[in-house]
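Welcome! Take a look at the sequence and the model below, and then let us walk through them together, one part at a time.

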Amino acid sequence: MRRTRRLALLPPAVVLVLAAGCLATQQQEVQMGAGYAAEINSKLPIVRDPEISAYVNRLGDSLARLADSRGLEWHFYVVDAKEVNAFAVPGGYIYVNRGLIERFTKMDQLAGVLGHEIGHVTQRHTIKQQQKATGASLGITLGCVLTGACNNPAVGSLVNVGAGAMMAGFSRDDEAEADRVGLDYVVRAGIDPRGMPETFEILMAERKAKPEGVASFFRTHPLEEDRIREARALIAKVPADRLVGLTEDSRAFQQFKARVKALPPSPASPSP
Ligand SMILES: [Zn+2]
């Protein structure tokens with residue numbers, strides 16, 4: 001009974017698509033994404049500072065408008081969580097945790113992550129992932145996302161990564177494709193693509209030193225040395241003249257980062 005009621009919260013078209021197992025139309029994807037985003041935004045601590053939000057949306061849009069041929073409306077959010085993570089929701093909703101932003105040293109690193117997450121949406125990994133979820137796990141995740149159950153700390157952790165695990169947990173092929181298209185968006189936006197492998201290196205170094213801080217990121221983003229090598233190999237194929245004069249950093253990014261850093265401490269997250 002309760003499950004039926006939860007599913008009833010989804011638009012009928014979405015339930016039908018999930019049941020039929022066919023790929024959602026764009027309208028269904030947008031509808032589903034908007035529903036999830038509304039729930040995520042009510043459950044996760046989203047940073048509402050207007051300058052922080054304006055900056056991440058400006059940078060994100062500068063990539064998304066080159067990436068997206070479907071005319072989606074993109075939304076970029078900073079989550080006030082100290083864990084390192086980033087995730088994408090179908091329909092064009094991208095989330096980056098404060099913990100990840102605080103580890104970046106330059107703008108091109110944030111751009112690399114945004115490009116990668118945008119890639120998961122444009123290549124329709126997010127919507128495919130969602131539709132692949134079996135009835136059982138979908139029920140649990142939706143139950144948690146769509147009900148107040150997440151206020152229980154034990155269940156809340158499900159949503160916290162949750163939102164990430166549900167949308168992410170992509171295959172290595174999907175990750176490689178998101179890296180490849182993400183690097184292309186970054187270069188086309190006039191930004192240095194080397195920020196992407198640099199981010200991987202920052203995270204891998206931290207995994208060696210202090211694994212708990214990056215555990216949730218590594219759960220949803222497979223990352224090993226070969227992925228860094230592949231990203232560098234892709235960059236090596238970019239014609240040299242296209243790599244000249246690309247932006248690595250900006251004053252606006254450093255101001256944004258300082259503002260994120262100066263926020264009051266993040267609310268405690270439930271232990272995973
Ligand atoms: Zn990914």
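Two strands are said to pair if DSSP finds at least two bridges between them. Helices (H or I, at least four residues) and strands (E, at least two) are DSSP runs, numbered from the N terminus. Please keep in mind that this is a predicted model, in which local features need pLDDT of at least 70 and side-chain atom pairs count only at pLDDT 80 or more, while totals for chains, interfaces and linings use all residues. Residues are numbered from 1 along each chain as its sequence is written.

Let us begin with the sheet. Strands of a sheet pair through backbone hydrogen bonds, either parallel or antiparallel. Here, 3 strands make an open sheet with mixed pairing, in the order 1-3-2. Strand 1 (75-79) and strand 2 (86-89) are the edge strands, each pairing on one side only. From one strand to the next, the twist averages 20°; angles run from 0 to 180 degrees between N-to-C directions, and axes are lines fitted to C-alpha atoms, for helices over the stretch in contact.

How do strand 1 and strand 3 run, and how many bridges join them? They run parallel, joined by 5 bridges. One place to look is His75, whose bridge partner in strand 3 is Tyr93. Strand 2 and strand 3 (residues 93-97), on the other hand, pair in the antiparallel sense over 4 bridges. There you can find Ala86 opposite Val96 of strand 3. The hairpin of strand 2 and strand 3 has 3 residues between the strands, and Gly91 takes a positive phi near 90° in it.

Next, look at which way the side chains point. In a regular strand the side chains alternate between the two faces of the sheet. His75, Tyr77 and Val79 point one way from strand 1, whereas Phe76 and Val78 point the other way, and all are buried. A residue is buried if 20 or more other C-beta atoms lie within 10 Å of its own, exposed if 12 or fewer, and partly exposed in between, with C-beta atoms placed from the backbone. Strand 3 is covered on both faces: Tyr93, Tyr95 and Asn97 are buried on one side, and Ile94 and Val96 on the other.

Helix 3 (residues 26-43) packs on it, touching strand 1, strand 2 and strand 3, and its direction makes about 140° with that of strand 2. Helix 6 (residues 107-122) also packs on the sheet; it touches strand 2 and strand 3, and its direction makes about 30° with that of strand 2.

Now for helices that pack against each other. Two packed helices are described by the angle between their axes and the distance between the axes. Helix 6 and helix 10 (residues 172-188) pack at about 120°, and their axes are 7 Å apart. That angle makes helix 6 oblique to helix 10, given that angles under 35 degrees count as roughly parallel, over 145 as roughly antiparallel, 65 to 115 as roughly perpendicular and the rest as oblique. Among the residues making the contact are Gly115 and Gly119 of helix 6 and Ala178 and Val181 of helix 10. Two residues are in contact if their C-beta atoms, placed from the backbone, lie within 7 Å.

Leaving aside neighbours within four places in sequence, Glu177 is in contact with Gly119 and Gln123. Glu177 and Gly119 are 58 residues apart in sequence, yet 7.6 Å apart in space, C-alpha to C-alpha. Glu177 counts as partly exposed because it has 18 C-beta neighbours inside 10 Å.

The axes of helix 4 (residues 50-67) and helix 14 (residues 251-261) come within 10 Å and cross at roughly 135°. That makes helix 4 oblique to helix 14. Glu51, Ile52 and Tyr55 of helix 4 meet Ala252, Phe256, Arg259 and Val260 of helix 14 in this contact.

Finally, visit the loop between helix 6 and helix 7 (125-132), where Arg124 is found. Most residues other than glycine have a negative phi, and most peptide bonds are trans. Arg124 has a positive phi of about 60° although it is not a glycine. With 17 C-beta neighbours inside 10 Å, Arg124 counts as partly exposed.
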